[in-house]
Amino acid sequence: MTAPAVHLWRLLKWGRILARHGALQGIERDPNTPTAVKRLVRIARLGARVPPVPRYADALQAIGPAAIKLGQTLATRPDIVGDEAANDLLRLQDALPPLPYETIHAAMAKAFQRDPATLFESIDPVPVGAASIAQVHRAVTTDGRHVAVKVLRPGVEDDFTRAIDTYEWAAAQVEGLASGGELARLRPRLVIATFKRWTARELDFRREGASASELADAMTAEPDFVVPKIDWERTTGKVLTLEWIDGIKLSNRTALVAAGYDLPRLADTLVHAFLRQAITEGFFHADMHQGNLFALSGNRIAAIDFGIMGRIDRRARVWLAEILYGLITGNYKRVAEIHFEAGYVPAHHDVAEFATALRAVGEPMRGLAVKDMSIGMMLDSLFNITRDFDMRTQPHLLLLQKTMVMVEGVATSLNPDINLWDTAAPFVREWIRTELGPEAAVADRLITDLRTLSRIPELVRNIERHFPSPGGAPPEPPMRPIAVLGSGRSSAMRYVLVAVVSAGVSFAAAWLSFH
């Protein structure tokens with residue numbers, strides 16, 4: 001078990017880097033930040049030259065791979081880091097200088113437990129991509145197939161293990177200091193637990209390969225959305241080999257136009273593929289930015305990088321479809337009811353008041369021109385009302401929200417006049433009609449009958465509070481017990497502990513200011 005002093009030392013080093021980039025200003029100014037955390041922030045920036053405009057993305061890139069990935073996670077959480085920081089974190093480029101091919105070759109030999117020459121006829125020593133977790137090389141297999149070989153960077157697992165250990169410790173301290181407050185509602189420990197699960201999947205390439213294979217099976221109904229085949233014979237936990245995708249990145253609009261692609265059709269294909277993944281299948285590619293999407297011949301789209309995937313069960317998909325359709329049609333009362341039924345909004349709040357808050361978000365959008373309407377704008381506005389209604393963090397919905405905004409951004413870059421609402425409405429309407437028609441009618445009748453019996457609804461709610469049904473807000477993962485500094489001690493001992501820690505941190509800060 002890592003000693004608290006080690007965690008503090010790591011946090012101080014990272015804090016110094018953040019301070020030099022002005023990235024601690026928001027924490028220090030936020031009225032919800034615990035006083036003890038503000039004191040540590042002031043110590044961390046002692047002697048640092050703070051720039052007038054914070055550079056959050058640059059700071060996390062300077063810290064290292066785990067911080068880059070954490071920053072990409074926090075970019076989806078403007079409710080925690082604020083709009084300014086979230087927008088800046090979107091600049092994070094998951095790229096590092098490439099490692100020498102000799103290092104990569106040795107890593108492959110170790111992973112395969114044999115010479116890579118027995119599996120590949122040739123491997124291009126110049127990488128086609130070098131990210132924080134892995135490096136990708138083009139290769140030709142011994143049976144003549146062109147493939148991409150993704151190799152885990154040596155040592156990256158240890159870096160992530162150390163960093164996440166400290167993230168968990170720090171989140172527990174912050175949550176302990178903010179018991180019952182705004183930070184407790186945002187559940188920093190759950191944020192880190194979710195991040196830990198995501199990175200565990202990204203660091204095991206067999207799981208990434210399995211995700212790609214599962215998605216390919218799910219997308220047979222969307223032939224224009226291509227998932228590369230996995231070469232399982234040449235895949236291990238640290239090496240992933242998959243079909244080479246020879247296309248044009250969707251980020252290269254000029255090349256797409258020059259090649260004669262139908263950009264509006266590509267945009268529609270992307271939106272329909274995402275809706276099928278999220279609503280019909282409940283399993284979706286959660287990192288569909290432009291760099292991971294390629295245009296193929298015949299106006300098809302191929303996706304790569306299956307490290308981050310989202311999953312929502314059928315009941316949650318029903319709620320999602322109804323929420324989307326309710327917002328599309330302006331049925332805010334039904335959307336509000338769904339939030340209460342799913343447990344997203346605590347029962348002590350008023351459904352009608354929540355419906356009014358939703359109307360305040362949705363109605364201004366309905367008067368805009370089609371090209372100016374945005375699901376991203378609406379979801380950002382929805383984040384702003386979560387605090388008023390004590391809505392607790394739902395990681396599965398946050399991942400979905402991030403992906404929806406990402407897909408809309410890519411689709412809009414291809415076709416500025418596309419509107420995700422208009423494109424989604426027929427798909428969602430048909431899914432609800434096909435999947436929920438008879439079932440929804442029976443459910444509505446049951447609800448109507450139950451409401452005539454005054455005590456049964458309250459009884460049902462009490463049962464559900466103690467025994468929540470599956471779907472919607474899933475059970476929280478078990479949290480590793482972490483001791484909070486000063487907990488369970490007498491007041492005198494707590495003061496002594498704080499004094500010792502403060503003195504140590506002050507000394508370290510002074511030492512760092514000269515190095």
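Predicted model: local features only at pLDDT ≥ 70, side-chain atom pairs only at ≥ 80, totals over all residues.
Isoleucine 123 belongs to strand β1 (residues 120-123), which runs antiparallel to β3 and is joined to it by three bridges. Strand β3 itself covers residues 134-141, and six of its eight residues are buried, so the rest of the structure largely encloses it.

With strand β2 (residues 129-130) it pairs in the antiparallel sense over two bridges, and here glycine 129 stands opposite valine 136 in β3. Three residues lie between β2 and β3 in the hairpin that they form. Strand β4 (residues 146-152) also runs antiparallel to β3, and seven bridges join the two. In this pairing, valine 140 faces histidine 146 in β4. β3 and β4 form a hairpin as well, with four residues between them. If you look into that turn, you will find glycine 144 with a positive phi of about 90°.

Now to the aromatic rings. How many aromatic pairs does the structure hold? There are five, and two of them are described here. In one, the planes of phenylalanine 274 and phenylalanine 284 stand at 85° with the ring centres 6.3 Å apart, so this pair is edge-to-face. It links distant parts of the chain: phenylalanine 274 is in helix α14 (residues 263-281) and phenylalanine 284 in strand β8 (residues 283-285), ten residues apart.

The other is made by phenylalanine 354 and phenylalanine 389, whose ring centres are 5.0 Å apart and whose planes meet at 75°, so this pair is edge-to-face too. Phenylalanine 354 lies in helix α17 (residues 351-366), while phenylalanine 389 is in the loop between α18 (375-386) and α19 (395-414), 35 residues apart.

| Residue | Relative accessible area | Class |
|---|---|---|
| Phenylalanine 274 | 4% | buried |
| Phenylalanine 284 | 0% | buried |
| Phenylalanine 354 | 1% | buried |
| Phenylalanine 389 | 10% | buried |

One more ring is worth a look, that of phenylalanine 120. Which residue lies over the face of phenylalanine 120? It is arginine 234, at 5.9 Å from the ring centre.

Technical notes:
Residues numbered from 1 in each chain as written. Heavy atoms only, no water. Buried < 20%, exposed > 50% of the residue type's maximum accessible area, 1.4 Å probe, protein only. Pairing = 2+ DSSP bridges. Phe/Tyr/Trp six-rings, centres within 6.5 Å; stacked < 30°, edge-to-face > 60°. Lys NZ or Arg CZ within 6 Å of the ring centre and 35° of its normal.
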